[in-house]
Amino acid sequence: MGKVRADAGPFARRPDNSAFKQQRLPAWSPSLTPYTVLPVFYFLALVCVLLGVWLLITVQNTHQLKIDYTDAGACATCAEMRNDPTKAKMNCDCVINFNVPKTFQGDVFIYYGLINFHQNLRRYIKSRDDDQLVGRKNSLKSPSSYCEPFAYDENAVPIAPCGAVANSMFNDSFTLTYHPPAGAAVNVPLYRKGITWYTDKNVKFRNPSTNTTLQQAFQGTAQPPFWQKPVYELDLDHPNNNGFINDDLIVWMREAAFPNFKKLYGILNRAHTTFSYGLPEGNYSIAINYNFPVQYFQGRKEVVLSTVSWFGGQNHFLPIAYLVSGGLIFIVAIVLTAVYVKVGRSGKNMEE
Amino acid sequence: MLVPWRGFWNPRSKAPGQEEERHVKANDRDYNERFTYADNHIKTAKYTFYTFLPINLFEQFQRFANAYFLVLLILQLIPEISSLSWFTTIVPLVLVLTITAVKDATDDYFRHKSDQQVNTRQSQVLIKGKIQKEKWMNVRVGDIIKLENNQFVAADVLLLSSSEPYGLCYIETAELDGETNLKVRQALTVTSDLGADVAKLADFNGEVVCEPPNNKLDKFIGTLYWKDNKYSLDNEKMLLRGCMLRNTEWCFGMVIFAGLQTKLMQNCGRTKFKRTSIDRLMNTLVLWIFGFLICMGIILAIGNTIWEQRVGRNFWAYLLWDELLSSAVFSGFLTFWSYIIILNTVVPISLYVSVEVLRLGHSYFINWDRKMYYSRKDTPAEARTTTLNEELGQVEFIFSDKTGTLTQNIMVFSKCSINGNTYGENMLPIIFIDSQKTPCVDFSFNPLMDRKFRFHDSSLVEAIKLEEPLVQEFFRLLALCHTVMPEERSEGELVYQAQSPDEGALVTAARNFGFVFRARTPETITLYEMGQPVTYQLLAILDFNNVRKRMSVIVRNPKGQLKLYSKGADTIIFDRLEPANEELMYTTSEHLNEFAGEGLRTLALAYKDLDEDMFDEWMKKLLFASAALENREERLGALYEEVEQGLMLLGATAIEDKLQEGVPETISCLTLANIKIWVLTGDKLETAMNIGYSCNMLRDDMNELFTDNMAFRIHLISHLQAHALEADLEQILLDVACLCKTVICCRVTPLQKAQVVELVKRHKRAVTLAIGDGANDVSMIKTAHIGVGISGQEGMQAVLASDYSFAQFRYLQRLLLVHGRWSYHRMCNFLCYFFYKNFAFTLVHFWFGFLCGFSAQTVYDQWFITLFNIVYTSLPVLAMGVFDQDVNEQYSLRYPNLYRPGQLNLLFNKRKFFTCTLQGVCTSFILFFIPYGAFLCAVRDDGSHISDQQSFAVTIATSLVIVVSVQIGLDTNYWTAVNHFFIWGSLAVYFAILFAMNSDGIFRIFPSQFPFVGTARNALNQKSVWLVILLTTVVCIMPVVAMRFLKTDLHPTQTDKAIYAQIQNKILRLDKKNNKKTVLYTSQRPPFICLIASLNDH
């Protein structure tokens, strides 16, 4: 099998004396010696503990407030209405009062949260057509079969946006009001745009190209059966926030990984002098246009107010996990050191 | 003997079972065509251009793993259960199939080329009274063909006539059995009279009735019917396909077997496929994994049923599935299949291909090893089988032949006993003269002497010169009784072509003592006796074989006396002596024991005067028996026995066979590696014992009982085997033998050698290795788990049957302790890591099942699933499997007990498998739940959410790739540039592909195939994501490091100790370098240094 060279000298079949063929390639052979392992353990323990402490301090400085409004206070009636098939389509508004105990400094984000809503079911996740959402005309008129049974309505008109994900879009809306100790109530201004990933808004979701109005672009399509308004009229205040590039739609279409999740609803507009430092402490009320039914699946709905830090929102898991890991690594490091000093250092058991 | 696939693929070939007797008529194609014998067209290629794809795919899908993935692929096409796109399975499957197909196609292409080349060789065929040129493939059975010097024989032909006298012709059978010495073939007298007369040859219409095609190269039984006469045919009259005509101007022959039915073609094709124990274990494990997969599928399916009933039912409003799918039980059933698809990656598709690649690499390293290259013969080591490498690291028993394996097989005539007197220098140092200074005998009286011959006792020459009749008779016997071919290149320059070196040595001795064997014809032998030409009529040759253990010739000397000369094993000859010889027999016997005690190979010589009448009658019986078609062998044997009685003892010869270089050191080193070495030899007990002592196998400090025991055992074995005793006695024999450090079995026949190997193989469950150099070792080499051939003096048969071959016994040490150990270590580490990796990768889906309603949603991007095994993680582990060295070669040889783990099968067994899969399961658990915990409440630093499925997928995938890369880094003990390149390269490639697949560009082209657009960018620019990845990696890796550290610290294995010593030595060496001092490090070495004889040949 060896390479047979053309010349037939006395050593014609002698293998080459190359480092590769003789398995003598220069190499680094690391091994788990005490001099490498123990310092690494101590170092990692230190890193983990320090990171944990730092994260913990950061987390302590963030604020978060959750308001479960599923059947709280005035919303209980709305919840019952959503449960009653005859009144399912009727409009229902409710107001919930709450108190912010401490000023939320900096940017404040308002999320809606859903509990026990499985956006991660395989058939649910698949039930969308990215070709359609990027504005391809063909897919607009003939949605992908993955969208079934939300591809065509009963008149065989294609649905846009098709699929179960879009159909089940969250459609409650909130109005937040601040009741200062003195003076009139102030509407808390929210940015309802710019709450998506840049790539989603500009690459992944595109409206079908059109020279005229958006409505004409979507002509010949039907709105999803659960929707109250067509896709080109999602945001009546901002004409260019309609169609597939509507921020709320985009946020919803990014399916959550777990059954309990929260999605961004709006960002506090700090241009208003009252809110230039954030959300002041005090009494607030939130008016909810209550549409989204969750009773079928024992779900809950909530509104979450939160500030963020350099590593995201309020997240106690990471600092604690780091502290625990750091502690454990430290304990292990001590055990290893003890074992090494007792048994290994003399090198006796390494002798024959 | 049906060659496995050859018969199947070629419609022309007939199952030999159907043919009981072959009838062939010369020059009569019409007659021969009735039997539909194979023509001379050969086809070893399996495929044609058009059949390649279907047949190759059909073969590949017969493998369990491939078939399994095909089924998966079909499942994936069913939309209801398709949890993964079809490309996740098809890409790896196609890759694996393509690699195999390309390899098969290349092999087949070369077969086609060689077939083409062979089929179109020119041959001269006698057609319609004229000699015409024909391609080989057009030659038919019954044709008469003409062959010229240095041409290959086109088919199995019956020799009819030749240019040489007496219808002789010479052939070289190197391509057939690897032996390069010339062999002689002789035509029947009646046919050799045809000569080169084309007209006569064209009229020849003899009919041959013979055996059906078979693969026995040394046997042929047939009869020629011609002109109402019957002539017996045997192998001596056949020229087989593959032989080359030599020293013969031309010859004519009649084709008996053609094409695929020739003995050469019947012999090729693998008769037995050896598998390693790891192979078998791997198959079991794959089945277990398969069972595990089904269990997980069932658990998840049950989970899905329950979930659908409790939760999912309420969720239907959002999904509105049709009625059929909304039944919970049916949904569970579908989920089962969906999960089988998702979790399929626990059954590693690329495992078999990767293992093949590793083994091929290891085989190349064996071929390339200069330290196993023997410069004197220009022979490198060769791994002839590429599937057994790791088993070289697990050998427990070595069965070694003696002659030519332990010894050089360069035979030197060193002593003899003639009529009760010994001649030859006494090797025991009793006399004050140093043996080396004893003057060599001056042979200058003899112009035909061989200059290389040395003899140290001039009294024998004196005896010759005094013309003592028995001494003369002794050498005459040596010059007459043999099968050597002389070749006289120029006047007086004789070269002997001997099939066995013993014979060559004896004939050369006779030549130097004045009895020069000069020429041979089938009917005469010409000697120059003290310068005078004497021609003997050769009447019969009574062949040597392993049962007879003797050979005889019957000659008529110029005086007209009939003589039988016989030489053979002493016991055999002594049994057949005239009673009057008793006294001489005892003296000779004493001498023989003396010779054997010095490790010399002995033969006894005897002669007999024959009575004319009796001989005539015997000759008639012999002729009759040799024409028999049935039981020819037995009948001839009985006749030989009849005449070889009442012999007169002449004396005995002793031939020295020197030990090979480095044999004792190798043996003691292998013994330290706890390998039991059994020597199986056909020699006498004393010879074997002597070799045992000189090889360090037997030592004086071994107690006497031990040696007695051994002697007992040696006899036991020969008798046991011969009588094939009951199983319980076999067990006792084995138990006793295994208690001994050394076992030498002597006087064993080739078949018994194989039986001994079989016995150990059957009862000990240990890996056996047989090493030998001669045809008599072939059966043993084929029986053992690993067969090693020494490419030496005795031809090539052992090498051709072997799995590994090299030129010197001492290379065995390197093959086992370095290559074998490394191979085993690499393969085991490779397998452990491979299973770990696949479990860590796949089981994440299992945990996710509990959160996604058991809906068979994948965690990762489909492209990641497709590429993980074949792109992101394949090369680093392959590099580890090819290059890794836990201990370098010097230390591997210095500490032979590092070989022990392989024998005990410690590095990869079922327990080890459980450990590494458990590690995989734990890793997958950590990989899933740490990101889960972190993502449950995470948002990005700009407030937008990140706990979406795609970001989660990217985070877990990145953690996984980093964790398994760190793990392979930990498993790699030997980081060459290649390892660095592959490990860092894989990580780089991962990120490159990740960003490419998440890029805007590719999304704009295929929006629905690459829905992850922007995810990598948006997730990986988050500090929290990197914190999660860091934590996951640390938590996955640190326990492993701690465990390994504790293990080496508390219970270091031999390997750990050797690594420690190696590091210490390196540190010392560095210190020394710094101090610029040169000191020897002998004190660093452990007490049992295994001396390594100069491994370099120059």
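Trainee: How many aromatic pairs does the structure hold over all chains?

Mentor: Over all chains there are 87 aromatic pairs, where rings of Phe, Tyr and Trp (its six-membered ring) pair if their centres lie within 6.5 Å, and planes under 30 degrees apart count as stacked, over 60 as edge-to-face and the rest as tilted. This is a predicted model, in which local features need pLDDT of at least 70 and side-chain atom pairs count only at pLDDT 80 or more, while totals for chains, interfaces and linings use all residues. Residues are numbered from 1 along each chain as its sequence is written, chains are lettered from A and ligands numbered from 1 in the order in which they are written, and side-chain values use heavy atoms, with hydrogens and water left out.

Trainee: How is a pair of aromatic rings described?

Mentor: A pair of aromatic rings is described by the distance of the centres and the angle of the planes. In this structure, Trp863(B) and Phe1010(B) form a stacked pair, with 5.1 Å centre to centre and 5 degrees between the planes. The pair links distant parts of the chain, 147 residues apart, with Trp863(B) in helix H29 (residues 862-872) of chain B and Phe1010(B) in the loop between helix H36 (1000-1005) and helix H37 (1015-1020) of chain B. Helices (H or I, at least four residues) and strands (E, at least two) are DSSP runs, numbered from the N terminus.

Trainee: Are Trp863(B) and Phe1010(B) buried or exposed?

Mentor: Trp863(B) and Phe1010(B) are both buried, a term that means under 20% relative accessible area, with exposed over 50% and partly exposed in between (1.4 Å probe, protein chains only). In chain A, ring pairs link a cluster that includes Tyr69(A), Trp252(A) and Tyr290(A). Lys301(A) lies over the face of Tyr290(A), at 3.5 Å from the ring centre; a charge sits over a ring if NZ of Lys or CZ of Arg is within 6 Å of the ring centre and within 35 degrees of the ring normal.

Trainee: Which residues form a salt bridge with Arg254(A)?

Mentor: The side chains of Asp200(A) and Arg254(A) meet in one of them, at 2.7 Å from N to O. That pair joins Asp200(A) in helix H7 (residues 198-204) of chain A to Arg254(A) in the loop between helix H9 (247-253) and S8 of chain A, 54 residues apart. Arg254(A) also meets Asp948(B) in a salt bridge, at 2.8 Å from N to O. This second pair crosses between chains, with Asp948(B) in the loop between helix H33 (910-936) and helix H34 (949-971) of chain B. Asp948(B) counts as buried at 0% relative accessibility, and Arg254(A) counts as buried at 5%.

Trainee: Where does the salt bridge of Asp107(A) with Arg270(A) lie in chain A?

Mentor: In the salt bridge between Asp107(A) and Arg270(A), the closest N and O atoms are 2.8 Å apart. Asp107(A) lies in the loop between strand S3 (104-105) and strand S4 (109-115) of chain A, and Arg270(A) in the loop between strand S8 (261-268) and strand S9 (278-279) of chain A, so the pair ties together parts that are 163 residues apart in sequence. Asp107(A) is partly exposed, with a relative accessible area of 38%, and Arg270(A) is partly exposed at 30%.

Terms used: Salt bridge = Lys/Arg side-chain N within 4 Å of Asp/Glu carboxyl O.
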